[in-house]
Amino acid sequence: MNPLVSVVVPINNTEKYLIKCVNSIIAQSYKNIEIILVDDGSTDSSPALCEELKKTDERISVIHKENGGLSSARNEGINRASGDYIMFIDSDDELAESSIEDMVEIAIAKKSDAVIPITYYKVYEYSGKTEQVFHFDEDMFSENPKKFALDVLIGKCRASRSTAVLYSLSIIKDNNICYPLGIVSEDFFFNISFFSFSQKISLYKKPSLYNLKRVGSLSNSYHEDFFDTVLYMDDETEKFLKKLDGEKNNYNIFGKRETLLFKNVLFYSISVMSNTAEPYRSRVKKCKQMFRNERVRNAVSNGAGIPYFASRIKQNFVKVSLLLVKLKLYDLACLLAYFASEIKAEDKR
């Protein structure tokens, strides 16, 4: 078997990185691919670069569209895709050389609907440092997509990334799975929907991706209304858990939704406290409003646990923060979030 793999690359003003990204896909050891470049209203030289790249390889097609955001661009790619499988790569990242070939072999051998990488390389643009990091521990993995979503995506707050994952395109199209528009953390919503409809997933153990960490990227930006997204994520998690209850498979759901909610609130508090455009007191007020939210208070009281982190420092940060919020020591929790934001900023330099 030699199934076609559609590789979708959403592009918005990434002229500096685009050629390396696309070349990493062209250079894949697996050759039966189509490369779909989605120019999402770029105002730099990215549109012209897309057209030049198209001339170099007949497998490349280009979509030019008005700016609609990352989700909109990926959805356009899904609509254009004609492969048996689909993979998404951000235009400032690079794909490890044999990733597609390895994942296709696993998907065929194990008859899986998706192949999930356990690890990748994080590349810091300004320091030049590269480190291998893990999405989760191998013993957390389950071939049951719903159990994996419950235990890892929700319970450990991991594996939400949808880049460099090999997905069955037919499951996506048959069930109208798409990325939500106008919402950050779109990967979480896509994955929880995909896992709801799939039957079996497999694990890929080698690093699949070189993920560039750069100041000013979308993932590193402050979002004023992210708390609304946190609550929406909690709503979608509740819907997913109700479906599991209906299946009568004795899933252990205690504390997992609560863990995800608190983790999202806590890490948004770091983002809020890092926003130096606001006075410190205003930042504290915003964080305290989140900590006092009834849904957050219930999560803290009803079993919120500690997400997965390889770093013991991060584990302890969450433990201490959880205790401070439980004790309603909100000013101290905000201060701790502020120190965490300073450390995070220093790590990027």
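This is a predicted model: local features need pLDDT of at least 70, side-chain atom pairs count only at pLDDT 80 or more; totals for chains, interfaces and linings use all residues.
Local features require pLDDT of at least 70 and side-chain atom pairs pLDDT 80 or more, whereas totals for chains, interfaces and linings use all residues. Residues are numbered from 1 along each chain as its sequence is written, and side-chain values use heavy atoms, with hydrogens and water left out.

Helices (H or I, at least four residues) and strands (E, at least two) are DSSP runs numbered from the N terminus. In helix 1 (residues 18-26), the buried residues are L18, C21, V22, S24, I25 and I26; buried denotes under 20% relative accessible area, exposed over 50%, and partly exposed in between (1.4 Å probe, protein chains only). Their cover includes strand 1 (5-11), strand 2 (33-40) and helix 2 (46-56).

Y179 lies in the loop between helix 6 (169-174) and helix 7 (186-197) and is buried, with a relative accessible area of 1%. Beyond four places in sequence, the contacts of Y179 (heavy atoms within 4.5 Å) include R74, F88 and F190.

A salt bridge places a side-chain nitrogen of Lys or Arg within 4 Å of a carboxyl oxygen of Asp or Glu. By this rule the model has 19 salt bridges, among them the following.

| Pair | N to O distance |
|---|---|
| D151 and K256 | 2.6 Å |
| K286 and E278 | 2.8 Å |
| K288 and D331 | 3.4 Å |

K288 lies in helix 10 (residues 280-291) and D331 in helix 13 (residues 330-348), so this pair ties together parts 43 residues apart in sequence. Both D151 and K256 are buried. Salt bridges also link D234, D235, E238, K242, R257 and R295 in a network.
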